[in-house]
Amino acid sequence: MSLHTTFKIGGKAAVVVYPESEEQISGIVKQCKNSGIRLLAVGNGSNLLVDDEGIDACVMILDDHFAEIRLIDEETVFATAGTMLIRLCRFAYEQGLSGLEFAYGIPGSCGGAAFMNAGAYGGEMKDVLFKCSHIDSDGNKGFLENDDLKLSYRHSAYYDNGCIITGLYLKLKKADKKEIKEKMDDLISRRRAKQPLEYPSAGSTFKRPEGYFAGALIQECGLKGRSVGGAQISEKHAGFVINTGNATCRDVLELCKICSDTVYDKKGVRLEMEIRVTK
């Protein structure tokens, strides 16, 4: 699984499958249910920390095998879950459509972005996402729209309902391509300047506590640069735990606990991990 996460951490999966259609996803879901096999859907693995011992499950990788983007109308775009978010942003720019600039540079898949309501620089998926198609836990096709998506900070209805997102419907707005490009270039430059993109990580490690910034709290507690094994609090941005080359899942979890405990002891604020941990 280290090959399928941006953290580059994780042992072997029992089985890995790469579906190319909704029909194949439905068939895999039904087969796993009938056989009593645990199923885990993964996109680009950009928000995932996998146990060093691996995953005793069938891991469904939604990647370039299941990637498509198309226009529904002049301002509506459809993308399958395996499409990389950065590719969707570029497609929107090419069509002269604004609304996804905030997501340019987020290293996840479209399905993952919808699942966690990904956001950055004042924007989030709920600003443009109005409908998702999915396969439910029985292998049936379905949809959620608008308020039923329950999009909130790093959360959606899909955290709780057991469905696998297969497609996203987004409402964007016509705008000047030059202005879109300028905004995208500005945001990617800011990411490169402030975030440790040169190291494997899962992005922001902790959710933003109400009224605070996790990275600032961690830095104020003197934890910037702190290491456990191959895991380190980035010296570039304290909100990121990075893999300096040989980090294990255990290293990351121990370092995250040190951060959480120290911040709570010194600041009275409890940090909650944004990264999903699985085994």
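A disulfide needs a pair of cysteine sulfur atoms within 2.5 Å. This is a predicted model, and it holds zero disulfides. Cysteine 89 is in no disulfide either. Its nearest cysteine sulfur belongs to cysteine 110, 7.9 Å away.

Are these cysteines buried or exposed? Cysteine 259 has 0% relative accessibility, so it counts as buried. Cysteine 89 has 3% relative accessibility, so it counts as buried too. The cut-off for buried is under 20%.

Turn now to the sheet. Five strands form an open sheet in the order E5-E6-E12-E10-E11. The pairing is antiparallel. In general, strands of a sheet pair through backbone hydrogen bonds. Strand E5, residues 69–73, stands at one edge, and strand E11, residues 141–145, also stands at an edge. Each has a single partner strand, so one side of each is left without a neighbour in the sheet. From one strand to the next, the twist averages 20°.

Look inside the sheet at E10 and E12. Strand E10 covers residues 129–135, and strand E12 covers residues 164–171. They run antiparallel and are joined by six bridges. Leucine 129 stands opposite leucine 170 in E12.

Which helices meet these strands? Helix H1, residues 22–35, lies across E10, E11 and E12. It runs at about 55° to E10. Helix H2, residues 85–94, packs on the sheet as well. H2 touches E5, E12 and strand E6, which spans 76–80. The direction of H2 makes about 45° with that of E5.

Finally, go to the start of the chain. Phenylalanine 7 lies in the segment before strand E1, residues 13–17. Phenylalanine 7 has 0% relative accessibility, so it counts as buried.

Technical notes: Residues numbered from 1 in each chain as written. Predicted model: local features only at pLDDT ≥ 70, side-chain atom pairs only at ≥ 80, totals over all residues. Heavy atoms only, no water. Buried < 20%, exposed > 50% of the residue type's maximum accessible area, 1.4 Å probe, protein only. Pairing = 2+ DSSP bridges. Helix = DSSP H or I, 4+ residues; strand = E, 2+ residues; numbered from the N terminus. Axes fitted to C-alpha atoms, helices over the stretch in contact; angles between N-to-C directions. Contact = heavy atoms within 4.5 Å.
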